[in-house]
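Okay, everyone, let's have a look at this one together.

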Amino acid sequence: MPTIILCMNGSNNHKSIIMEKIALFPGSFDPITKGHESVIKRAAPLFDKIIVAIGINTEKREFFTVEQRTKWLKEVFKEQKNIEIMVYEGLTVDFCRKVNARFLLRGLRTSADFEFERSIGQTNKILYPEVETLFLLTTPEHTALNSSIVRDVLKNGGDVSSFVPDALVNDLQKYRH
Ligand code: ADP
């Protein structure tokens with residue numbers, strides 16, 4: 001259910017507006033792992049909508065194309081009615097404004113993640129004071145998992161099926177060397 005907010009103006013007239021509770025989960029998802037999937041699915045009941053957004057970072061070399069990553073994200077979350085997949089360029093907070101997301105959602109694996117996320121979160125708060133960054137702790141079995149490990153295992157001919165959502169397993173076979 002969307003959150004209903006009552007606004008009062010100076011003349012005591014009530015005006016009700018309906019504001020959806022929208023969270024943005026930004027990342028590279030190169031590729032999406034079971035860790036991402038778990039955090040996003042656990043967060044889904046907390047919001048009216050979660051936008052999982054692939055951020056185009058020109059400094060980072062991508063392994064999988066944006067089209068491929070988008071296709072996988074759509075497959076993984078196809079049963080989740082309140083999860084939408086998007087792609088954006090530029091500042092994450094500018095994209096939050098554009099899509100009316102007042103929450104930024106991130107996963108925390110380790111204290112190193114925390115230090116990294118803290119500075120980004122505090123910077124985003126200065127750039128867009130209305131946004132709140134929220135963190136979900138990773139479940140223990142996903143703490144060691146990240147996309148670059150998945151890419152390394154693939155590049156060296158290993159089996160990544162324990163690390164990625166089932167929807168990707170067949171497609172990823174062809175990247176094994
Ligand atoms: P980037 O590092 O480019 O921001 P990632 O796709 O690696 O993007 O990560 C996006 C978000 O997903 C981050 O908040 C990160 O902490 C979280 N995340 C990454 N791997 C995991 C994992 N194994 N378990 C839970 N959260 C994770």
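So, how many helices and strands does the protein chain have? There are 6 helices and 7 strands in the protein chain, where helices are DSSP runs of H or I with at least four residues, strands are E runs of at least two, and both are numbered from the N terminus. Bear in mind that this is a predicted model, where local features need pLDDT of at least 70, side-chain atom pairs count only at pLDDT 80 or more, and totals for chains, interfaces and linings use all residues. Residues are numbered from 1 along each chain as its sequence is written.

From the N terminus on, the order is β-β-β-α-β-α-β-α-β-α-β-α-α.

Now, helix 5. It covers residues 147–155, and Ser147, Val150 and Leu154 are buried, meaning 20 or more other C-beta atoms lie within 10 Å of their own, with exposed being 12 or fewer, partly exposed in between, and C-beta atoms placed from the backbone. Down the axis of helix 5, the buried residues fall within an arc of 60°, so they line one face; that arc is taken from the directions from the helix axis to the C-beta atoms. As a reminder, an α-helix has 3.6 residues a turn, so residues three or four places apart point the same way.

What sits on the face of helix 5 turned away from its buried side? That face has the exposed residues Ser148, Asp152 and Lys155. Helix 6 (166–173) is part of what covers the buried residues of helix 5, counting contact as C-beta atoms, placed from the backbone, within 7 Å. After helix 5 comes Gly157, with a positive phi near 80°.

Terms used. Two residues are in contact if their C-beta atoms, placed from the backbone, lie within 7 Å.
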